[in-house]
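Below is a short note for a colleague who has not seen this structure before. Please read it with the sequence and the coordinates at hand.

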Amino acid sequence: MTDDICCVCTTGARSHRLAALMTVVQRDLRGFYRGTTAMHGGMLMAALGAAALGNFAAALLVAVTVGLALGGLGMMITSLEERVGPVDYRGPGGRAGAFPVLSACFIVFGGAGVGLPGTAGFVADDLLLHTLWSQSPAATVAVILASALLAVATLVAYSRSFLGRDTLSRAPDLAVRERAVAVLLLALLVVLGVAPSLLLAPADAFLNATVPGGL
């Protein structure tokens, strides 16, 4: 059984790395998001292995972080494409001046997905890496390298989409309701990054009543 669990962790780590490599070679925002989603799917698989080893905290925080960060990033990409159409890296950039709030939210959501300090992603990655290290140092190194590659891909996506010579646009920045959703998601990421016990403590209380050992 332990060997099977270790296999789940290492398989998730390998998928994580392959998806990260795929993300780096993308040339448009939609491809970047597909690769990012696939990479986090590998991380979720590794998190399931961590849960089977008893580290429910890592699995829970990884799942929550993936939902918040990917959801926010996808919303930013959709909002940008509603204003300027599909974004190709070979096209013009420089949209930060026209959409300052959108561009700021984009980079923070992207950063949360790769363990930005102060967000839930940082705590989730730390807990997951500790569990992976106990089972496979090689898989741990693979996850770290994959996260670094995704960070590079995120910076490339941001720079090609928002930095450079200013591109004028008559489209408005994020609407009030879009800002409200973005602020809510960002607040959750930051609060759980600073005080993860707000999520883990009630989850631990629930699991203590149902699973020996809890979180």
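1. The model is predicted. The protein has eight helices and zero strands. Read from the N terminus, its elements run α-α-α-α-α-α-α-α.

2. Of the 215 residues in the protein, 47% are buried. The accessible surface comes to about 10200 Å², and carbon and sulfur atoms hold 68% of that surface.

3. Among the contacts in the protein with a separation of 6 or more, 80% are between residues 24 or more positions apart.

4. Two packed helices are described by the angle between their axes and the distance between the axes. For helix 4 (residues 100–112) and helix 7 (residues 176–194), the axes come within 11 Å and cross at roughly 30°. Angles under 35 degrees count as roughly parallel, and helix 4 and helix 7 are therefore roughly parallel to each other. The crossing of helix 4 and helix 7 is left-handed.

5. Which residues make the contact of helix 4 with helix 7? From helix 4 come V101, C105, V108, F109 and A112; from helix 7 come R179, A182, L185, L186 and L189. By class, the residues of this contact divide into nine nonpolar, no polar and one charged.

Note on methods
Residues numbered from 1 in each chain as written. Predicted model: local features only at pLDDT ≥ 70, side-chain atom pairs only at ≥ 80, totals over all residues. Heavy atoms only, no water. Axes fitted to C-alpha atoms, helices over the stretch in contact; angles between N-to-C directions. Helix = DSSP H or I, 4+ residues; strand = E, 2+ residues; numbered from the N terminus. Parallel < 35°, antiparallel > 145°, perpendicular 65-115°, else oblique. Left-handed = near helix turned anticlockwise from the far one by under 90°. Contact = heavy atoms within 4.5 Å. Nonpolar A, V, L, I, M, F, W, Y, C, P; charged D, E, K, R; others polar. Buried < 20%, exposed > 50% of the residue type's maximum accessible area, 1.4 Å probe, protein only. Areas by Shrake-Rupley, 256 points an atom, 1.4 Å probe, with all protein chains shown as cover.
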